[in-house]
Amino acid sequence: MSRVYNFSAGPAVLPEEVLKEAAEEMLDYRGCGMSVMEMSHRSKMFEEIIQGAEADLRDLLQIPDNYKVLFLQGGASQQFAMIPMNLMKNRVADYIVTGQWAKKAWQEAQKYGKANKIASSEDKTFSYIPDCSDLPISPDADYVYICENNTIYGTKFKELPNTKGKTLVADVSSCFLSEPVDVSKYGILYGGVQKNIGPAGMVISIIREDLITEEVLPGTPTMLTFKTHADADSLYNTPNSYCIYICGKVFQWLKKMGGLSAMKERNEQKAKLLYDFLDESSLFHGTVVPKDRSLMNVPFITGDTDLDAKFVKEAKEAGFENLKGHRSVGGMRASIYNAMPVEGVKALVDFMRTFEKENG
């Protein structure tokens, strides 16, 4: 069976050569006679896998030495609680709510202190990024929180907010490693890996060392304390070892592809193909303010729910999977992460063009 073009928002498409390499090593990793899935996380061989993965990630993102890289379980949603538990020393934090995940993070933080919603785009169904150049930052805020790329709504912060000296915490789940990033602008940037980097079941958190302390909120579980994992180099308990192994392969693939600057160019090329078509189409149109459009997630509609459903059905029959929009917004969404080839986007645009002719 031939592979489909998978436009899923996550778990999402992975580079084919990474999957093939993993398949070849499935039963016997480099002559050790067992799969990485069966390997002790305390073994010398796994130590090489996790250390190699971290080194490649540090190289790709040019992570400064005063930042720790943690491979954690619980996904991005667990970070919604873990961040306030570890950072809310004054019990105050400011949240910029630009989509469902930022909203969930803000709601979770309310359990631990005063979580202020200092900007939001909910008034227009999260179809834009609010002006964040002069926000009412709380003088005693422990941090300012954003979700940098909004998977459901297809918006992206092109400029980071002016936090007026406060620590910036960013969920980068759906734009992780899609372009170069200045890590030093963040206190924490973290993301679930199942969109742009690896299989589901893990989050990577890159944390400035001064934020990793023993001073956490009373009642914070040992497993939800950053210091627990930082002190143990992500091996306090059994980590998601197979996921770390695949992520490591993806990091190597990204380096081979030319690093993050090359990926940004490639991603811009793919997004332009799709957005240019949407802008000229008489049937389909995008739902996001053009200046705030994501390179990774492209939502679009016809304006007719029956026609949307027909499109999704026929697209699936033609080998384009997972184009249905998130259940909270409907319509369609094409997630065009790093591993989606340019050919996939071209093929989708050709299909949309034909569909428009037949249904316009």
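How many bridges join strand 12 to strand 14, and which way do the two run? I looked that up before anything else.

**Ground rules.** I'm working with a predicted model, where local features need pLDDT of at least 70, side-chain atom pairs count only at pLDDT 80 or more, and totals for chains, interfaces and linings use all residues. Residues are numbered from 1 along each chain as its sequence is written, and side-chain values use heavy atoms, with hydrogens and water left out.

Entry 1: I found 4 bridges between strand 12 (residues 297-301) and strand 14, and the two run antiparallel. I noted that two strands pair if DSSP finds at least two bridges between them. Helices (H or I, at least four residues) and strands (E, at least two) are DSSP runs, numbered from the N terminus. Pro299 sits opposite Arg333 in strand 14. The whole sheet is open, has the order 11-12-14, and its pairing is antiparallel. Strand 11 (285-286) and strand 14 (332-335) are at the edges with a single partner strand each, so one side of each has no neighbour in the sheet.

Then I checked what lies across these strands. Helix 7 (residues 259-280) lies across strand 11, strand 12 and strand 14, and runs at about 20° to strand 12. For angles, I wrote down that axes are lines fitted to C-alpha atoms, for helices over the stretch in contact, and that angles run from 0 to 180 degrees between N-to-C directions.

Entry 2

I zoomed in on strand 8 (residues 168-171) and strand 9 (residues 188-192), which run parallel and are joined by 3 bridges. Ala170 is opposite Leu189 in strand 9.

**Entry 3: helix 6 and its partners.** Helix 1 (residues 16-24) and helix 6 (residues 241-256) have axes that come within 10 Å and cross at roughly 135°. That is why I call helix 1 and helix 6 oblique to each other. The scale: under 35 degrees is roughly parallel, over 145 roughly antiparallel, 65 to 115 roughly perpendicular, and the rest oblique. On the helix 1 side, the contact (heavy atoms within 4.5 Å) is made by Glu17, Val18, Glu21 and Ala22.

Helix 6 and helix 7 pack at about 80°, with axes 7 Å apart. That makes helix 6 roughly perpendicular to helix 7. Here Trp253, Leu254 and Lys255 in helix 6 meet Gly259, Met263 and Arg266 in helix 7.

**Entry 4: the annotated site.** I checked UniProt, whose unreviewed entry lists Ala76, Ser77, Trp101, Thr151, Asp171, Gln194, Asn237 and Thr238 under "binding site". They span 163 residues in sequence and the farthest two C-alpha atoms are 30.4 Å apart, so they don't all gather at one spot. UniProt positions are in the numbering used here, feature names are shortened, and annotations may be inferred rather than shown by experiment. Ser77 is in helix 3 (residues 75-87).
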